[in-house]
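Please open the model in your viewer and keep the selection tool at hand. The tour goes from one selection to the next.

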Amino acid sequence: MSEPVNLKKNVYGENGISEAVFEFGEKIINQLEDRFKKIDETAEINQLKVLSAMQKRRVSEACLYSSTGYGYNDIGRDTLEEVYAEVFHTEDALVRPHITCGTHALGIALAANLRPGDELISPVGKPYDTLEEIIGIRPSKGSLAEYGITYKQVELLDDGLFDFDGIRNAISDKTKMMTIQRSRGYLSRPTLSVEKIGELISFIKSINSDIICMVDNCYGEFTETIEPTDVGADMVVGSLIKNPGGGLAPIGGYIAGKCEYVENCAYRLTTPGLGKEVGATLDTNRSFYQGFFLAPSVTAGALKGAIFAANIYEKLGFEALPDASEERFDIIQQITFHDPNAVIAFCQGIQEAAPVDSFVSPEPWDMPGYDSEVIMAAGAFIQGASIELSADGPIKPPYSVYFQGGLTWAHAKFGILKSLQKLVDAGIVDHERLMK
Ligand SMILES: *Cc1c(COP(=O)(O)O)cnc(C)c1O
């Protein structure tokens with residue numbers, strides 16, 4: 001065995017990874033060379049896309065400083081919005097620390113562009129949980145339903161394909177907007193590729209080109225070389241504590257799209273008359289720029305981690321979704337263990353690998369809003385940031401964990417090896433099995 005490999009094995013050994021677990025991981029990685037290369041190529045293309053946008057919009061040192069008070073003439077904020085618009089190939093963008101999270105960004109995009117009497121349709125089945133209260137699927141104060149905006153949803157077909165007939169039948173004179181979720185989130189349906197989203201949008205526009213097609217882009221940014229706005233989406237919406245924040249943005253969300261729709265969003269976010277003109281950025285501009293600059297390679301690291309986890313656990317006989325060989329269009333990985341102790345061990349391993357709070361051991365707890373106990377592992381620099389290595393699992397059948405993020409591939413790898421080590425130590429994965 002060569003020196004560097006021995007050195008590496010020793011370093012992992014000093015950090016609690018047994019030789020068998022380490023060797024098992026190396027074997028898996030050797031088989032992933034081609035796929036990792038393709039991910040690196042995507043990151044390379046996206047890196048140049050972001051860099052050239054920053055150059056074209058003449059990002060200067062002054063842009064890195066931030067405003068206070070009303071935030072008039074914040075050159076950093078205004079230029080950053082131009083950079084986002086450049087990268088997403090849209091007319092305009094709204095990128096703000098005042099957008100508190102992805103859910104808020106989606107709420108703004110919907111409420112800003114729908115009026116009483118309008119109808120919203122999701123042509124891809126049930127939307128992300130938190131959207132249910134925005135829309136009013138679950139009754140909620142201030143929902144779109146309270147304002148007389150109706151909602152319909154068309155389920156995906158069993159094989160995950162679009163129900164084109166169902167969508168055509170659902171569209172009426174009232175239909176103003178479509179909400180299309182790119183990532184599967186925590187559902188069992190497949191994540192949509194940008195190409196697929198393009199087919200869906202073309203179909204919708206062929207029926208009525210005035211229907212606003214909004215894409216919930218959360219977890220999808222930079223996983224491919226094109227974005228939904230390259231295939232006809234009128235608006236994309238996402239969170240800065242996921243992919244596009246690159247792990248540095250401490251808060252924020254973005255909306256990029258046609259001028260008219262983004263302007264409506266700005267009036268909704270601040271107030272009619274003020275729109276984009278106000279909104280002090282406090283100390284966020286530098287981290288927004290630097291995070292966006294790093295986002296393509298951070299996303300690549302997270303993608304490699306997801307694929308590595310799928311391959312490790314599938315090889316050991318557990319179910320991975322997406323499976324070990326599937327192409328990826330988001331960074332989420334689900335592993336099903338059919339064993340509550342495995343879920344707990346997995347999450348404890350992820351926590352032990354964290355740069356922050358590595359010394360605490362997560363336990364399942366009754367989290368508000370959930371119908372079972374949930375265990376969460378997150379030793380993140382930014383609270384709740386799911387672009388950072390994190391995992392969570394509801395303690396109920398089929399006993400799955402959802403795993404995502406990793407600011408660097410090396411960290412994602414270490415986290416997954418730690419999770420496996422925990423499963424071996426707990427006797428859930430047989431040591432012998434790793435040798436095969
Ligand atoms: C994370 C996520 C959201 C909501 O974002 P938050 O920042 O958690 O509010 C919405 N849609 C999808 C698909 C997501 O993954």
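How far is an oxygen atom of the ligand from an N or O atom in the side chain of threonine 103? Select both, and you will find 2.5 Å between them, a polar contact in the sense of a pair of N or O atoms within 3.5 Å. This is a predicted model, in which local features need pLDDT of at least 70 and side-chain atom pairs count only at pLDDT 80 or more, while totals for chains, interfaces and linings use all residues. Residues are numbered from 1 along each chain as its sequence is written, and side-chain values use heavy atoms, with hydrogens and water left out.

Next, select aspartate 216, where a polar side-chain atom lies 2.6 Å from a nitrogen atom of the ligand, and then lysine 242, where a polar side-chain atom is 2.9 Å from an oxygen atom of the ligand.

Now widen the selection to the residues around the ligand, meaning those with a heavy atom within 4 Å of it; among them are Cys101, Tyr128, Gln181 and Ser239. This shell divides into 5 nonpolar, 4 polar and 2 charged residues, and its largest share, 3 residues, comes from helix H5 (residues 102–113), a helix being a DSSP run of H or I with at least four residues.

Finally, move to glutamate 363, in the loop between helix H11 (340–352) and strand E10 (374–378), where a strand is a DSSP run of E with at least two residues. Leaving aside residues up to four places away in sequence, glutamate 363 touches Gln348, Val374 and Ile375, contact meaning heavy atoms within 4.5 Å.

Key: A polar contact is a pair of N or O atoms within 3.5 Å; within protein, one must be able to donate a hydrogen and the other to accept it, and residues adjacent in sequence count only if both atoms are side-chain atoms. Ala, Val, Leu, Ile, Met, Phe, Trp, Tyr, Cys and Pro count as nonpolar, Asp, Glu, Lys and Arg as charged, and the others, Gly among them, as polar.
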